[in-house]
Amino acid sequence: MALLPILCFPDERLHTVAKPVQAVDARIKQLIADMFETMHDSHGIGLAATQVNVHERLIVIDVSEGRDQPLVLINPEIVWASPETRINDEGCLSVPGIYDGVERHERVHVRALDGEGKEQLIEAEGLLAICIQHEMDHLMGKVFVEYLSPLKRNRIKTKMLKAQREAQR
Ligand code: NI
């Protein structure tokens with residue numbers, strides 16, 4: 001297993017649209033293991049392949065208290081979304097230290113392959129529903145700060161670039 005470098009906003013590569021996973025083979029299984037290790041190491045609850053610069057439709061999630069309920073979503077598609085929405089504060093491993101409100105569907109049904117390539121239907125609500133929508137945005141090249149006002153987004157961009165310059169010193 002290996003820790004993978006996480007791309008940080010405003011890295012342009014975060015805006016790449018991911019392609020479907022062609023086969024759940026040894027390479028993908030290794031990537032899944034590495035992504036879980038990377039996510040847990042950063043104390044995250046979700047990670048999209050896009051964030052580790054692999055542009056294929058793959059997400060790992062674990063929203064459980066004990067960090068013992070790993071969920072793998074390969075080629076996920078939302079097949080139903082509740083009309084009810086809610087604004088929740090979100091954060092992202094690619095935008096460290098920033099939390100802000102984003103409107104999401106309260107519940108979603110998602111069809112995806114699991115880590116073994118088997119079809120699964122996930123009926124998600126609460127934190128899991130938010131997390132799935134956030135991570136699926138990553139696969140479309142969208143970072144949550146893009147929901148915020150241009151003013152807020154520019155402030156965040158400036159702050160991130162400054163932090164990244166300081167980290168390089
Ligand atoms: Ni994120």
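Buried means under 20% relative accessible area, exposed means over 50%, and partly exposed is in between, with a 1.4 Å probe and protein chains only. This is a predicted model, so local features need pLDDT of at least 70 and side-chain atom pairs count only at pLDDT 80 or more, while totals for chains, interfaces and linings use all residues. Residues are numbered from 1 along each chain as its sequence is written, and side-chain values use heavy atoms, with hydrogens and water left out.

Q: Why is Cys92 called buried?
A: Its relative accessibility is 10%, and the cut-off is under 20%, so Cys92 counts as buried.

Q: What about His134, buried or exposed?
A: Buried, because His134 comes in at 6% relative accessibility.

Q: What makes Cys92 a donor of the nickel ion?
A: Donors are N, O and S atoms within 2.8 Å of the metal (3.2 Å for Na, K and Ca); water is not among the atoms, so sites may look incomplete. The SG of Cys92 and the NE2 atoms of His134 and His138 lie 2.1 to 2.2 Å from the nickel ion, and these are its protein donors. Along the chain their spacing reads C-x41-H-x3-H. Cys92 sits in the loop between β4 (85-90) and β5 (100-105), and His134 is in helix α2, 42 residues apart. Helices (H or I, at least four residues) and strands (E, at least two) are DSSP runs, numbered from the N terminus.

Q: Why is Gln120 called buried?
A: Gln120 has a relative accessible area of 19%; the limit is under 20%, so Gln120 is buried. Gln120 lies in strand β7.

Q: How do you know that the side chain of Gln120 makes a polar contact with the backbone oxygen of Val72?
A: A polar contact is a pair of N or O atoms within 3.5 Å; within protein, one must be able to donate a hydrogen and the other to accept it, and residues adjacent in sequence count only if both atoms are side-chain atoms. The Gln120 side chain reaches that oxygen at 2.7 Å. Gln120 and Val72 are 48 residues apart in sequence, with their C-alpha atoms 9.9 Å apart in space.

Q: What makes a group of residues a nonpolar core?
A: They are buried Ala, Val, Leu, Ile, Met, Phe, Trp, Tyr and Cys residues joined through side-chain atoms within 4.5 Å. The largest such core has 17 residues, and Ile59, Leu73 and Ala124 are among those with the most contacts inside it. Helix α2 gives the most to this core, with six residues.
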